[in-house]
Amino acid sequence: MENLDGTDIQILKRLQSDSNINIKQLASELFLTATPVYERIKRLEREGYIMKYVALLDKKKLKLGMTVFCNVRLKEHARNVGANFVKDIVALPEIIECYNIAGDYDFMLKILVEDMASYQDFVMNKLSTIENIGNTQTIFVMGEIKNSTALNF
């Protein structure tokens with residue numbers, strides 16, 4: 001963050017709340033003209049502060065209303081075993097996040113499915129086919145309290 005000034009931070013925070021804002025409107029909010037704001041955004045993109053722009057979709061409307069966390073313990077921890085596991089996990093579209101974690105389990109998966117039957121099908125026909133899974137622990141989300149993509153800095 002050493003290369004960021006107050007205006008850069010304001011731009012990043014505003015883009016987090018609405019990445020679809022046009023340059024002219026953003027410049028007006030910052031009391032600047034469009035060209036310097038555009039140049040700052042391009043620099044923030046080049047320097048990797050802005051990685052990409054996305055649209056946030058409604059899970060329920062897309063029939064993906066059930067969120068499941070699945071902790072996975074591998075049978076063995078050889079480098080190639082972990083690499084193969086990661087390769088297999090990345091290929092499954094139901095898994096939207098995967099974290100390598102410390103503690104009783106090796107990985108935590110965030111999975112979106114339509115319902116319990118869909119999750120059962122996912123476990124039986126996809127997850128269980130991945131080699132070297134020792135055991136799993138499933139956690140079903142009953143209600144979403146907070147879900148934010150915004151970083152606070």
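**A glutamate and the sheet around it**

Tutor: Happy to. Glu-94 has a relative accessible area of 16%, and because buried means under 20%, this residue counts as buried. Please keep in mind that we are looking at a predicted model.

Where does Glu-94 lie? It is found in the loop between H4 and E2. If we set aside the neighbours within four places in sequence, the residues in contact with Glu-94 are Lys-110, Ile-111, Leu-112, Val-113, Phe-122 and Lys-126. To place some of these partners, note that strand E3 covers residues 107–113, while helix H5 covers residues 116–125.

Next comes the sheet itself. Its four strands are arranged in the order E2-E3-E1-E4, forming an open sheet with antiparallel pairing. Strand E2 (95–100) and strand E4 (133–140) are at the edges; each has a single partner strand, so one side of each has no neighbour in the sheet. On average, neighbouring strands are turned by 20° against each other, direction ignored.

For E2, the partner is E3: five bridges join the two, and they run antiparallel. Across this pairing, Glu-97 stands opposite Lys-110 in E3. Lys-110 is also one of the residues in contact with Glu-94.

Two helices belong in the picture as well. Helix H4 (residues 79–90) packs on the sheet and touches strand E1 (66–74), E2, E3 and E4, with its direction at about 165° to that of E1. Helix H5 lies across E1, E2, E3 and E4 too, and runs at about 130° to E3.

Now let us step back to the chain. Its secondary structure consists of five helices and four strands, and from the N terminus on the elements follow the pattern α-α-α-β-α-β-β-α-β. The radius of gyration is 20 Å, well over the 15 Å that the globule rule gives for 153 residues, so the chain is more spread out than a compact globule. Along the principal axes, the C-alpha trace spans about 55 × 35 × 25 Å.

Buried residues make up 26% of the 153 in the chain, and Glu-94 is one of the buried residues. Of the contacts between residues at least 6 apart in sequence, 65% join residues at least 24 apart. Finally, the accessible surface comes to about 10,700 Å², with 53% of that belonging to carbon and sulfur atoms.

Note on methods: Residues are numbered from 1 along each chain as its sequence is written. This is a predicted model: local features need pLDDT of at least 70, side-chain atom pairs count only at pLDDT 80 or more; totals for chains, interfaces and linings use all residues. Side-chain values use heavy atoms; hydrogens and water are left out. Two strands pair if DSSP finds at least two bridges between them. Axes are lines fitted to C-alpha atoms, for helices over the stretch in contact, and angles run from 0 to 180 degrees between N-to-C directions. Contact means heavy atoms within 4.5 Å. The radius of gyration is taken over C-alpha atoms; the globule rule is 2.2 Å times the number of residues to the power 0.38. Buried means under 20% relative accessible area, exposed over 50%, partly exposed in between (1.4 Å probe, protein chains only). Accessible areas come from the Shrake-Rupley method with a 1.4 Å probe; for residues, only the protein chains shown count as cover.
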